[in-house]
Amino acid sequence: MTDTLPPLRDVIARHGLLADKSLGQHFLLDLNLTARIARAAGDLSTGTTIEIGPGPGGLTRSLLAEGAKVIAIEKDARCRGILAEIAAAYPGQLDIVEGDALKIDVATLGDAPRRVVANLPYNVGTELLLRWLENARAFESFTLMFQTEVAARITAPADTGAYGRLSIMTQWLCETELLFHISPKAFTPPPQVQSTVVRLTPRPDPIPARRETLERVTASAFGQRRKMLRQSLRAVAPNADAEGLCRATGVDPTARAETLSVEQFCALANAVDAKKA
Ligand code: SAM
């Protein structure tokens, strides 16, 4: 379904909205592309679709056209007028929250099921994702655009160059899929890098582990990525007991961090906690 709103370029020109780099503004004006992202998010007809950074509202329009009830959080007050016009074209479907998404607990917005769909501002994208993951099961899914290098880290399997802390903290809690790439040319203004859309689906039964400990273990292991675990894990296993920690969990102490599965990192985190208890 397409709406009867004027073309995005005309709307942006009429409102004089110039992209502000400090807010990570790179606008998608091709409504075929925004429709593709909206469709990738699955069935939007129930619950609440939360969009971060609607900007001039290209993706917002596509989400609304798919029948979503959208709560959109935008920091830039200059977008207010454009977004109000979109809300008027879709009565009762769009609520706009003006504010900083880093300061808003989106896990309680609107009715469940909740999903987040966003072309994220690159400067805060990873930080936002890690916050949402603290309450991952409050969400049905996340369909997010990141710069390709970050999308690769989120979805990387073990034993690859991109595999690291972000892969483990995400894959521990969610199934991750890399969906499709978007060329810099599709954006106004074009960013320096390619972008990629990923979908994360929270797992109903993630492996039990304490987040803080898992964060410490992965930070320690990947902080010295090239070193063997018996050395790189010393920070979390005082008294030089890193080797014992590995042996207790069936992990080879001479292995390097990037070869370990998410399950093995969870086992290490649980062993660290068991030692403290
Ligand atoms: N969704 C639009 C699109 O696809 O064309 C704009 C995407 S642009 C990459 C990122 C948007 O996030 C901008 O509109 C920017 O103002 C907004 N933004 C940046 N930081 C934000 C924050 N902390 N909270 C909410 N919105 C933010």
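**Close-up views of a predicted fold**

Strand β6 is mostly covered, with seven of its nine residues buried (buried means under 20% relative accessible area, exposed over 50% and partly exposed in between, with a 1.4 Å probe and protein chains only). Everything shown here comes from a predicted model, where local features need pLDDT of at least 70, side-chain atom pairs count only at pLDDT 80 or more, and totals for chains, interfaces and linings use all residues. Residues are numbered from 1 along each chain as its sequence is written, and side-chain values use heavy atoms, leaving out hydrogens and water.

**View A. β5 and β6 side by side.** Strands β5 and β6 run parallel and are joined by six bridges. Asn-119 stands opposite Met-145 in β6. Helices (H or I, at least four residues) and strands (E, at least two) are DSSP runs, numbered from the N terminus.

**View B. The open sheet.** Seven strands line up in the order β4-β3-β2-β5-β6-β9-β7, with mixed pairing (two strands pair if DSSP finds at least two bridges between them). At the edges are β4 (94-98) and β7, each pairing on one side only. From one strand to the next, the twist averages 20°. Further along, β2 (residues 48-52) and β3 (residues 70-74) run parallel, joined by four bridges. Look for Glu-51, whose bridge partner in β3 is Ala-72.

**View C. Helices on the sheet.** Helix α2 (residues 31-40) packs on the sheet, touching β5 (114-119), β6 (139-147), β7 and β9, and its direction makes about 165° with that of β7. Helix α4 (residues 80-89) also packs on the sheet, touching β3 and β4, at about 165° to the direction of β4. Contact means heavy atoms within 4.5 Å; axes are lines fitted to C-alpha atoms, for helices over the stretch in contact, and angles run from 0 to 180 degrees between N-to-C directions.

**View D. Where α7 meets α8.** The axes of α7 (residues 165-173) and α8 (residues 211-223) come within 9 Å and cross at roughly 150°. That makes α7 roughly antiparallel to α8 (the label applies over 145 degrees). From α7, Arg-165, Ile-168, Met-169, Trp-172 and Leu-173 meet Arg-211, Leu-214, Glu-215, Thr-218, Ala-219 and Phe-222 of α8.

View E. Eight of the nine residues of α7 are buried, among them Trp-172 and Leu-173. Their cover includes α5 (125-133), α6 (148-155), β7 (174-182), β9 (195-202), α8 and α11 (262-276).

Note on methods:
Parallel < 35°, antiparallel > 145°, perpendicular 65-115°, else oblique.
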